[in-house]
Amino acid sequence: MSVLERAQAAPTAPRPPIVNDFSLVVATANGTGSQTANLTLLRSFFRLGIPVHGKNIFPSNIQGLPTWYHIRVSHEGYVARKPPEILVAFNPATALEDVQTLPPGGVCLYHTDLRNLPQRDDLIYYPVPASELVAGIEVPVKRKSYLANMAYVGVLAWMLGVPLPVIEEALAVQFDHRAKLVEDNLEVVRRAHAWASEHLTKQDPYRVEPMNKTEGLILMTGNEAGALGAVFGGVSVAAWYPITPSTSFMDALRTFLAKLRKDEGGHPTYAIVQAEDELAAAGIVMGAGWAGARALTATSGPGLSLMAEFVSYGYFAEIPAVIWDIQRVGPSTGLPTRTSQGDVAFAYTLGHGDTKHPILLPSSIEECFEFGWKAFDLAEELQTPVFVLSDLDLGMNNWMGQPFTYPDRPMQRGKVLSAEALEARGGFARYKDVDGDGIPYRTLPGTPHPQAAYFTRGSGHNEEAQYSERAEDYVRIMARLARKFETARQLVPPPVVAHTPGARLGVIAYGTTRYAIEEAKDRLAQKLPFSFLRLRALPIGPEVRAFVAAHEQVCVVEMNRDGQVHGILQAELPEFASRLRSVAYLDGLPLTAEWVMTRLTEEAQRPM
Amino acid sequence: MENPPIKTNPPLRLNTVGLSKKDYDGAPSTLCKGCGHNSIASQIVQVAYELSLRPHEVIKLSGIGCSSKSPAYFLGMSHGFNALHGRMPSVATGALLANHTLKAIGVSGDGDTGSIGLGQFKHLLRRNLRMVYIIENNGVYGLTKGQFSATAEKGLTLKYAGKNPFPPVDLCMEAIVAGCGFVARSFAGDAKQVRELLKAALSHRGTAVLDIISPCVTFNNEDDSPKSYSYGTQHEKPLHELGFIPPSEEIVIEPLEPGEFRLVELHDGSHIRLRNLGPDYDPTDRMAALARLHQAQEEGEFITGLLYYDPSRPSLAEVEGLSTPLAQLPPERLRPSQERLSEVLQAYR
């Protein structure tokens with residue numbers, strides 16, 4: 001069957017147009033340069049004013065393994081993952097399976113070099129003769145295969161009605177206004193668009209129309225946002241060891257620091273060290289924090305395992321540190337390029353002995369930025385390691401957001417005594433609770449005062465920081481650390497609560513699961529109304545107890561197998577343990593609203 | 001009746017920053033009586049006093065082990081950081097990135113450096129962090145009661161550990177191979193040499209490694225053990241006699257046969273004078289240093305002295321281009337302005 005015959009063989013029953021509401025997936029092989037084409041599409045929708053979000057579902061591989069890029073376009077503003085209705089089939093290795101996943105009435109744009117594409121009577125097929133469309137364009141061979149991806153951009157532009165000038169603008173941003181690159185790519189888009197207009201007949205209902213819902217918004221990845229937040233939090237030392245999906249956090253940090261943190265003489269006012277492993281990265285952060293510089297590291301699960309040793313030290317010796325964990329799927333190497341919320345329980349008590357740590361849980365690029373700077377205030381105010389638990393989905397994908405709000409308060413550097421303050425106080429005791437909040441005073445090395453020095457150690461110590469194995473000293477220090485954690489409870493960002501009057505069901509979640517839950521909440525508004533509390537940090541504050549108390553049943557939705565935060569909440573709220581239900585699931589993909597709706601409905605029907 | 005004469009202590013001698021030697025003391029040592037580490041700690045006190053170091057400008061760091069306890073026993077007016085086993089290099093790196101104007105004295109042991117911390121040790125040297133890195137090397141684990149460390153000689157027999165079947169790691173060779181520009185070996189029983197090397201090490205541009213054989217009187221001090229006092233005292237073979245000359249002092253070299261003296265200029269303008277005690281030894285020749293160490297290993301010699309010196313590599317702080325200590329940046333230099341934020345965000349619209 002020829003290309004055109006197949007296109008014409010599709011079902012012809014007219015359907016009402018579906019405007020600005022679809023999900024599409026581009027299936028390609030890793031390393032073929034499709035990311036540029038995909039981001040061009042994403043930016044084009046964004047520039048048309050339509051809420052949009054893209055998710056890269058990619059392999060742990062440099063070249064050859066399959067990769068899928070999901071784009072959801074939603075005039076209602078929903079950005080959760082949604083099974084796609086439109087497929088761009090450019091990967092022969094997965095085409096068979098990819099085509100089968102489309103719903104009836106779905107659309108398949110296929111590379112005409114694909115052999116044995118499955119025929120389904122209930123789909124609409126459009127050919128994309130990518131090889132022919134790039135023929136004759138003067139570029140090196142490797143770039144030619146990259147350019148071929150622009151062919152599906154052109155055919156999609158025709159199919160959905162994306163104006164070519166919008167694509168041109170998106171390309172200009174994508175290629176940082178390098179004219180030759182923009183022109184080469186645009187030429188393929190134009191050719192594909194012209195070819196489709198001439199040879200294809202539109203049979204599907206999907207199209208886009210300009211709206212004004214992205215006006216003033218920005219489009220950024222969570223890792224970029226977090227790194228930028230750290231820069232506005234005054235980060236001065238960063239140490240890391242490369243690990244997906246945190247690497248782009250450090251890349252962004254390096255770029256932003258180079259731009260924003262040079263002194264008049266052109267000297268950097270920061271230092272970044274690529275360490276020999278995560279253990280050393282954590283050690284560098286501890287050393288810098290101890291000596292008075294704001295320091296961070298970014299890692300993922302396996303790196304966190306290595307950092308456990310230093311985090312335990314930092315908790316006991318009371319050293320400020322900021323650790324970003326861009327969560328991926330474990331255990332062990334797990335699925336290193338898939339998303340998860342599987343490190344929460346581990347991070348919360350990371351370290352041997354009795355340890356617990358404040359954890360910030362961003363769900364958006366705005367919160368990545370905000371927690372990026374706030375984490376340093378918290379770490380220095382509390383003199384302890386503070387975690388920010390993002391995830392691969394948030395960290396590596398582009399999200400819409402409001403332009404970030406500049407920090408609304410001066411940097412909080414915590415209880416650090418200067419030489420003058422020491423003189424006035426007549427010295428200090430490093431580990432003594434002077435103010436009743438569990439937070440002691442510290443001094444920095446280099447402070448010119450004979451009483452400034454103290455000895456930092458991970459072994460037992462008394463309030464004067466002297467070595468001690470006395471039971472009373474140990475208990476006093478540990479009790480104060482527990483008190484300090486109660487102070488942390490009041491300092492961490494409170495949850496965001498959306499109460500639905502009369503709802504019997506409450507949902508608690510954190511991080512990126514919010515998008516599927518918010519969509520499910522709208523769609524279940526009649527059938528199963530529920531209230532939603534979104535945690536933004538651990539330890540929990542009084543709002544969580546109040547929320548749980550106010551609902552007959554509370555489901556804790558999260559992306560891990562064992563319901564880690566569910567477990568933490570049961571332990572923190574033992575009187576409500578039986579009304580807390582775990583709705584946890586992890587397959588490496590972000591949750592869909594459909595899944596949340598199904599599971600909540602099931603839980604609501606289960607007897608208490 | 002005549003008043004009895006009032007007994008007073010002799011007046012304390014003060015150095016150029018107005019401190020007495022006592023001001024450089026630390027807490028009383030809890031190590032075994034006679035431990036080599038105590039002798040090294042007292043040389044650090046002596047050197048800090050003689051060089052008139054300002055205690056608040058010094059930080060002392062260590063890992064875990066007997067050796068690593070010792071920073072508590074010197075320089076009580078300096079900030080100290082007793083870190084994790086084998087991880088002192090990373091902590092020192094962070095601390096000195098935060099404030100590269102501090103003088104850092106690190107104390108480690110042979111287990112801390114040669115086993116659990118070998119990776120961090122090598123990477124510290126690769127980055128050339130400006131610090132003095134002392135290894136108090138006794139070939140044995142003390143706190144866990146007498147296991148061999150990675151520097152124990154092959155064939156050595158100890159009461160607890162039996163016979164050591166594995167060859168030792170030579171930490172000086174490791175340091176030279178890793179690119180370290182100041183590598184010395186000494187003996188805790190040779191106080192003068194330890195002092196002169198410490199002074200020179202404090203003047204070095206990057207990491208200065210002092211591998212000091214420091215006998216463990218409890219677990220590894222049998223006369224036939226190469227890391228015992230008696231063995232060291234009898235067999236130490238200094239390559240040269242060392243004399244440190246501060247930048248301010250005039251250099252006087254007695255007229256002696258050519259080839260008998262070497263004068264090495266250190267990074268801060270001070271010098272170290274080496275008087276050869278045997279065949280001429282050139283500490284600036286990297287391959288010769290490795291060959292000499294290899295020979296010593298083969299022949300069971302206990303050579304000491306400045307084994308290798310090369311001040312050409314920049315320190316980590318120089319590589320990073322640091323100027324004002326990062327820990328001392330005022331808030332306005334830490335947080336860019338609101339306008340800069342808007343500029344950055346413009347590119348994401």
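Mentor: Start with the record. The unreviewed UniProt entry places the annotation "domain: Thiamine pyrophosphate enzyme TPP-binding" on residues 64–212 of chain B. Such positions are given in the numbering used here, feature names are shortened, and annotations may be inferred rather than shown by experiment.

Two ground rules. This is a predicted model, where local features need pLDDT of at least 70, side-chain atom pairs count only at pLDDT 80 or more, and totals for chains, interfaces and linings use all residues. Residues are numbered from 1 along each chain as its sequence is written, while chains are lettered from A and ligands numbered from 1 in the order in which they are written.

Back to the stretch. Residues 64–212 of chain B are 33% helix and 26% strand. Helices (H or I, at least four residues) and strands (E, at least two) are DSSP runs, numbered from the N terminus.

Now look at strand S3 of chain B, residues 103–109. Six of its seven residues are buried, so this strand is mostly covered. Buried means 20 or more other C-beta atoms within 10 Å of the residue's own; exposed means 12 or fewer; partly exposed is in between, with C-beta atoms placed from the backbone.

S3(B) has parallel partners. One is strand S1 of chain B (residues 58–62), joined over five bridges. Here Lys60(B) faces Ile105(B) in S3(B). Another is strand S4 of chain B (residues 131–137), again parallel and again with five bridges. There Gly106(B) stands opposite Tyr133(B) in S4(B). Strands count as paired if DSSP finds at least two bridges between them.

Pairing also crosses between chains. Strand S18 of chain A (residues 455–457) runs parallel to S2(B) over three bridges. Phe455(A) is set opposite Gly80(B) in S2(B).

That leads to the interface. In all, 47 residues of chain B are in contact with 59 residues of chain A; contact means C-beta atoms, placed from the backbone, within 7 Å. On the chain B side, the elements giving two or more residues are strand S2 (79–82) and helices H3 (88–98), H5 (118–127), H11 (331–334) and H12 (338–346). H3(B) gives the most, eight residues. That side divides into 23 nonpolar, 17 polar and seven charged residues. Nonpolar covers Ala, Val, Leu, Ile, Met, Phe, Trp, Tyr, Cys and Pro; charged covers Asp, Glu, Lys and Arg; the others, Gly among them, are polar.

Next, the partner. Chain A holds 20 helices and 24 strands. Its C-alpha trace spans about 90 × 65 × 40 Å along the principal axes. Of its 608 residues, 55% count as buried. A compact globule of 608 residues would have a radius of gyration near 25 Å, and the 27 Å of chain A agrees. That radius is taken over C-alpha atoms, and the globule rule is 2.2 Å times the number of residues to the power 0.38. Among contacts in chain A with a separation of 6 or more, 76% join residues 24 or more positions apart.

Chain A is divided into domain 1 (3–207), domain 2 (220–401), domain 3 (419–491) and domain 4 (496–605). These bounds come from an automatic or database domain assignment. The C-alpha centres of domains 3 and 4 of chain A lie 39 Å apart.

Conventions. Contact = placed C-beta atoms within 7 Å.
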